[in-house]
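Welcome to this structure. Here are a few numbered notes to keep beside you as you look around.

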Amino acid sequence: DVLPSPEGPVPSVSVTEIRQYLRAQGIPFHDGYSCLHTPSLFTSEQEAQHQPPPATSTRYTLFIDKTTGSFLCTATLAEGTWQDFQANVELRHRGVPFPSSGELEEDTRQAREDARCIWDRALPLWELLDEDETHMTKAMFGISVVTDATLKRFGVRYLRTAKSLVFPWFSPRDASLKGVKLVGVESQEDTIAYVEQTLPRPGSYRNLFGLPLISRRDTEVVLTGRELDAVALYQATGVPSLSLPRGPTCLPPALLPYLEQFKRITLWLGEDLRSWEAAKLFARKLNLKRCSLVRPGDQQPRPLEALNRGLNLTKILRAALPAGHKSIISFRQLREEVFGELVNVEQVAGVKWARFPELNRLLKGHRRGELTIFTGPTGSGKTTFISEYALDLCMQGVCTLWGSFEISNIRLAKIMLTQFAARRLEEQLEQYDEWADRFEDLPLYFMTFHGQQNIKTVIDTMQHAVYMYDITHVVVDNLQFMMGHEQLSVDR
């Protein structure tokens, strides 16, 4: 994925400009948490006759993101940029019918067919050959205490050939199958490690698992990092529970409209410090005022673990901390945070590099909010080293944005792909597609700037990337090129 588009930076729009435009066009709207709500341009018959529908009788199913201006209509699944929205309003004024969403792209259609094929071959867990196989399968995934009724409610199935649980992604509009996630397990010493695979591929997989079970009257929800956590949480508490498609890695803005109906959102993403950091980041997107966070700890593990240990999940939810701190606080309010830092010394040190043990000794790990500067003469290998240093973190799920002002993105991507595959692909071209597919699924993004740039444009692009892709690691290569030589006299 490349940011911004090659035609130039995405034109930014403020929420004030969006409100002014809607008023000028006579489009009624509500102010929501992350979005503005308006009647859909794509559904109402009255609108086709140029009559704005009366606010009382219509449903506000179109959501406009306050930060980016992007829109999504949950009734028709039409979506687009702020410029697309304005274009559709113009078409309405001219009486031109809206262009239909058209055919699905070939890749999307193929992914849905593959997902359907897997779904049809998978069996409900309670329909396996015998009780022994069901018990063994449940034990393998650590879900012996999860009842068949709960698994049935969430539509969880088992694919025997892949020894994987299958979680469905149903369209919120017509309940058709849009994709699946396969989850297998690998035993690592005493712990279970999950191996996930999605159809379509991760970048296009936007499933809020559990969404079809939410009723329009629900005002409270818990967001979890894994599908099995949502299942366990619902069984233990009866509270509506959803799972994010990529756990604590990212919360795509395209999912925010589906979370607008909730007055209270509790984020219980996992049991490590990275999940806690992600929860704080996501709460800012969702609006801090309505968010609470479950702090990881020995007595507050992830929901499935809590259920297995017989802990009181309702009590843990009630003890969730409000995400928005007041401007002035006392130590009493920080007490648990400080204790958490002391208990999790290793995790507080940051994400460790797998390939650079010496770097871990020097820097302890990659932590948010820190600036590290690498210096050295031209040709000493800074770019080569930093591309591998960033790749190491990216492979561990750290969302990374590259700003390469010195060398082209094509050359940089070639270096990183070679480091990722650990082989000379020019001598093994038949393997290129396989490695490129795996490389493409990393949470890695590139800015398209080159040479000297206006600092404000670069910062705006970075902020856009942080909001859209939950970037937690930005690489600038290099500072001198970005700023230009004549600017070095100013405060750097």
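1. R290 is found in the loop between α8 (273-286) and β15 (291-293). The relative accessible area of R290 is 3%, so this residue is buried (buried is under 20%, exposed over 50%, partly exposed in between, with a 1.4 Å probe and protein chains only).

2. Before going further, please keep in mind that this is a predicted model, where local features need pLDDT of at least 70, side-chain atom pairs count only at pLDDT 80 or more, and totals for chains, interfaces and linings use all residues. Residues are numbered from 1 along each chain as its sequence is written, and side-chain values use heavy atoms, with hydrogens and water left out.

3. The loop between α8 and β15 also holds N287. Although N287 is not a glycine, its phi is positive, at about 95°. N287 is partly exposed, with a relative accessible area of 22%.

4. Next, look at the open sheet of 5 strands, ordered β2-β3-β4-β5-β6 with antiparallel pairing. Strands are DSSP runs of E of at least two residues, helices are runs of H or I of at least four, and both are numbered from the N terminus; two strands pair if DSSP finds at least two bridges between them. β2 (30-31) and β6 (79-80) are at the edges with a single partner strand each, so one side of each has no neighbour in the sheet.

5. Within that sheet, β3 (residues 35-38) and β4 (residues 62-65) run antiparallel and are joined by 4 bridges. C35 stands opposite D65 in β4.

6. L77 sits in the loop between β5 (71-73) and β6. Its phi is near 65°, a positive value in a residue other than glycine. L77 is partly exposed, with a relative accessible area of 23%.

7. P200 is in the loop between β11 (191-199) and β12 (220-224).

8. Finally, turn to helices α15 (residues 409-421) and α16 (residues 432-440), whose axes come within 10 Å and cross at roughly 100°. The two are therefore roughly perpendicular (65 to 115 degrees). Residues of the contact include M416 and F420 of α15 and W435 and R438 of α16.

Definitions and conventions. Axes fitted to C-alpha atoms, helices over the stretch in contact; angles between N-to-C directions. Parallel < 35°, antiparallel > 145°, perpendicular 65-115°, else oblique. Contact = heavy atoms within 4.5 Å.
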